[in-house]
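Reader: I'd like to go through the charged side chains in this one. Can we start with the terms?

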Amino acid sequence: MKLSELKIGQSARIESVGGEGALRQHLLDMGVIPGCEVTLIKFAPMGDPMELRIRGYELTLRLAEAKEIEVTEGAGQSSDTESQRIEPVIVGQQEHPGLGEGGHYHEESADAHTQPLPAGQRITFALAGNQNCGKTTLFNQLTGANQHVGNFPGVTVEHKYGSIKGYPEVQVIDLPGIYSLSPYTSEEVVSRRYILDEHPTAIINIVDATNIERNLYLTLQLMELGVPMVVALNMMDELKANGGTVRINRMEALLGVPVVPISAMKNEGVDELIEHALHIARYQERPLRQDFCHPDDHGGAVHRCLHAIMHLTEDHCQQAGIPSRFAACKLVEGDAMVEKALNLTQNERETLEHILCQMEEERGLDRQAAIADMRFSFIERVTSRAVVKPQESREHRRSQRIDRILTGRWTALPSFIVIMGLVFYLTFSTVGVWLQDLFQAGIDWFTEVSDQALTRWDIAPTVHSLIIDGIYNGVGTVLVFLPLIVCLFFFLSMLEDTGYMARIAFVMDKLLRRLGLSGRSIVPLLVGFGCSVPSVMASRTLPSERDRRMTILLTPFMSCTAKIPIYAFFAAAFFPRYAGLVMASLYAIGIVVGIVVALVLKRTLFRGEPVPFVMELPNYRLPLAKNVLRLLWDKARDFLQRAFTVIFLASIVVWFLQTFDFHMQMVSDAHDSMLAQVAGLIAPLFQPLGLGDWRIVTALVSGFMAKETVVSTLGALFGEVALTTIFTPVAIFALLVFCLLYTPCVAAIATIRRELGGRWAAFVVVLQCLIAWLCAFAVTLLC
Amino acid sequence: MNLQSILLLAIVAIVFLFVGYRYVKRQRNNPGCGNCNCDCSCSSTCHNCPGC
């Protein structure tokens with residue numbers, strides 16, 4: 001039967017994994033291999049995708065992919081017992097291998113001990129591990145940095161550097177999470193390229209102790225590279241609390257690399273990890289084991305195949321600088337990058353194909369599945385001897401209970417609507433607004449005191465105007481929105497850190513697929529409500545270029561927090577009784593226009609199906625107060641820096657341009673200013689929208705630098721003039737729609753340019769302006 | 001214009017030039033959001049930049 005035909009709660013044994021290419025390889029790397037037990041937990045509310053339990057963790061898969069997997073119902077065994085019976089060769093002393101410890105050395109030759117790396121030489125550690133295993137938490141502990149930590153697979157989307165506290169010459173690079181060295185997503189390509197091309201001095205491989213089998217899969221591939229390495233077993237506290245443990249010495253002896261138990265969150269074992277890591281880096285102690293196949297495993301077909309390929313390609317590997325064991329495995333898996341780098345001759349390629357065919361015939365599995373099976377067999381041999389598996393963890397039980405509601409068939413969508421509604425209600429109607437009023441009172445008081453002081457000191461009117469009308473009015477009008485922005489970021493980070501964001505992706509996948517997107521796209525899009533820059537960056541977690549491009553193009557339709565000041569400013573002036581409704585309608589318009597654009601893009605530029613939805617669902621976790629406060633501080637600091645840099649500069653420039661004419665004479669009427677004359681040239685374009693005023697045009701142009709400057713510019717240009725006497729509510733609503741949809745700010749465009757290139761960035765600017773104008777025009781026609 | 005006005009104007013001008021110089025320099029070094037105060041030339045946005 002097919003995996004898609006399983007009933008909820010039913011278990012089965014995988015017989016074969018169909019499909020082809022990178023997705024199939026990814027499934028194999030995630031542990032979906034023949035012989036493995038799988039249990040169906042539930043379907044998403046719309047009937048697709050499905051949530052499976054495999055190798056002790058939860059995986060989501062679409063029905064279309066599940067149809068490619070053949071299973072046998074009700075198999076009780078989770079692993080291949082024949083393979084488990086094989087006694088693995090011990091590569092270190094079992095009592096206390098002491099790998100990575102002072103005075104102990106991997107190699108017994110005197111040269112290895114007496115010739116460490118020269119003192120003061122720069123040491124670089126690559127921090128590698130699966131997604132969501134705590135790499136960034138460890139990175140923060142090691143370096144004292146303040147990187148954002150999430151509870152969603154793929155929070156880290158590019159590498160980050162930092163020096164270990166107390167060791168300025170030792171650098172750590174936090175790489176994005178990867179499941180294997182077979183590149184599937186662009187972040188996995190980033191990590192793999194770094195490890196293979198940049199040659200770090202050593203690797204710190206962080207392994208989630210609560211999900212050790214799947215995590216060790218990457219460990220084995222890293223060991224094949226022959227780079228000095230230490231394994232950090234993270235979340236040991238959680239494992240022990242649930243009755244499990246790891247026999248560290250035995251695991252160290254079986255793997256042949258130092259293994260250090262740690263809890264990165266509680267900062268336990270981190271000092272010991274640093275000592276071990278420095279030792280193996282200074283003495284360049286490579287893993288004692290790089291060979292995971294066994295001559296007795298299923299007749300030794302894979303073992304003979306791999307060793308034959310290693311002999312066949314040894315000279316090419318030396319020339320290309322690729323470890324031969326790693327190259328052999330990758331050649332079996334059909335890795336095109338390695339194949340190209342080795343530059344094999346026609347004869348060698350043919351010989352390679354013969355070896356592989358022979359192995360497939362003897363082993364009874366295709367080549368990719370055989371290699372994945374070989375690695376997982378070795379892992380099972382190690383874990384059956386060194387790991388006491390925990391009972392079902394408290395965290396998992398809690399997650400299951402919560403998921404009954406948050407991803408339940410009838411409750412998931414209402415829960416999503418209620419939670420998102422609550423986020424926006426608390427931000428824009430209660431907590432955020434209360435804090436904003438408090439802030440406004442403070443700024444008003446400060447402005448008044450400054451104004452009186454300037455008058456008392458008899459400051460010249462021009463300078464007085466520059467300080468109060470230019471700087472205070474410009475920066476102050478934007479600054480009052482700080483509480484709203486921090487509030488929204490707080491709630492968005494809570495959604496991400498608790499693990500709910502991953503559930504939203506699971507629940508919304510089917511809906512998003514109709515728009516040509518994958519469920520994973522929901523995360524960048526939701527982050528887009530905060531800021532477009534991290535949102536565009538977050539799209540890197542998407543495994544296909546098509547989905548990534550489409551998601552980035554749709555990000556600007558999610559109204560970012562920088563636009564809140566514009567909405568709040570006009571809503572308070574023109575629609576005081578319906579301010580909340582106006583704000584909500586703007587968000588809704590953004591989403592609806594985004595959906596329409598997605599449907600158009602799906603049928604034009606991005607034809608074809610979105611990529612499969614294969615994702616791990618993490619347990620729910622309570623975010624650490626320290627992390628949340630750190631994030632809020634970062635966001636507040638970002639905003640304050642923006643207010644005191646770009647908005648400060650723009651306020652002064654706008655004040656100057658509106659106060660002087662082209663002859664550098666101070667004008668009594670702003671209509672004669674430089675600004676009025678230049679903006680007047682573009683103003684006719686906005687005439688059909690009822691916004692032909694040069695001051696509006698100037699504000700919109702300044703918004704390209706940062707959206708908040710729209711309000712500060714308007715504040716400076718209109719001063720005390722009541723806007724309600726100049727514009728109609730309809731014109732202002734058209735203006736709000738235009739602001740919602742027109743070009744993202746220069747920072748977002750720069751990020752899009754970096755991710756997709758200059759042409760796409762220019763396309764976004766033109767497309768957004770065009771759509772914004774058309775929608776604003778539609779508002780004037782309809783209202 | 002009296003002395004205190006000239007002094008105040010000079011302060012604003014110096015701050016404006018200093019902030020402007022730093023902003024342009026950062027934008028050139030770091031094509032990300034350009035808001036942070038770091039001068040490193042890493043390819044990260046300020047959200048990921050270790051110098052921020």
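Author: Buried here means under 20% relative accessible area, and exposed means over 50%. Note that this is a predicted model.

Reader: Are E380(A) and R55(A) buried or exposed?

Author: Both E380(A) and R55(A) are buried. They form a salt bridge, with 3.3 Å between the closest N and O atoms.

Reader: Where do E380(A) and R55(A) sit in the chain?

Author: E380(A) is in helix α15 (residues 367-386). R55(A) is in the loop between β3 (50-54) and β4 (57-61), and the two are 325 residues apart.

Reader: What does R62(A) meet in a salt bridge?

Author: The partner of R62(A) is D509(A), at 2.7 Å from N to O. R62(A) lies in the loop between β4 and α2 (63-66) and D509(A) in helix α21 (residues 500-514), so the pair ties together parts 447 residues apart in sequence. Both R62(A) and D509(A) are buried.

Reader: And which residue does D297(A) pair with?

Author: D297(A) forms a salt bridge with R381(A), the closest N and O atoms being 3.7 Å apart. D297(A) is in the loop between α10 (270-282) and α11 (301-320), while R381(A) is in helix α15. Each of the two, D297(A) and R381(A), is buried.

Reader: How many salt bridges over all chains?

Author: The structure holds 25.

Reader: Switching to the surface. Which residues form the positive patch?

Author: R394(A), R397(A), R398(A), R401(A) and R404(A). Of these, R401(A) is in helix α16 (residues 394-406).

Reader: Why does R401(A) count as partly exposed?

Author: Because its relative accessibility is 49%, and exposed requires over 50%.

How values were computed: Residues are numbered from 1 along each chain as its sequence is written. Chains are lettered from A and ligands numbered from 1 in the order in which they are written. This is a predicted model: local features need pLDDT of at least 70, side-chain atom pairs count only at pLDDT 80 or more; totals for chains, interfaces and linings use all residues. Side-chain values use heavy atoms; hydrogens and water are left out. Patches are made of residues with over 30% relative accessible area and no salt bridge: like charges are joined within 9 Å, nonpolar side chains (Val, Leu, Ile, Met, Phe, Trp, Tyr) within 5 Å. Accessible areas come from the Shrake-Rupley method with a 1.4 Å probe; for residues, only the protein chains shown count as cover. A salt bridge is a side-chain nitrogen of Lys or Arg within 4 Å of a carboxyl oxygen of Asp or Glu. Lys and Arg count as positive and Asp and Glu as negative; His and the chain ends are not counted. The place of a charge is taken as NZ of Lys, CZ of Arg, CG of Asp or CD of Glu. Helices (H or I, at least four residues) and strands (E, at least two) are DSSP runs, numbered from the N terminus. Buried means under 20% relative accessible area, exposed over 50%, partly exposed in between (1.4 Å probe, protein chains only).
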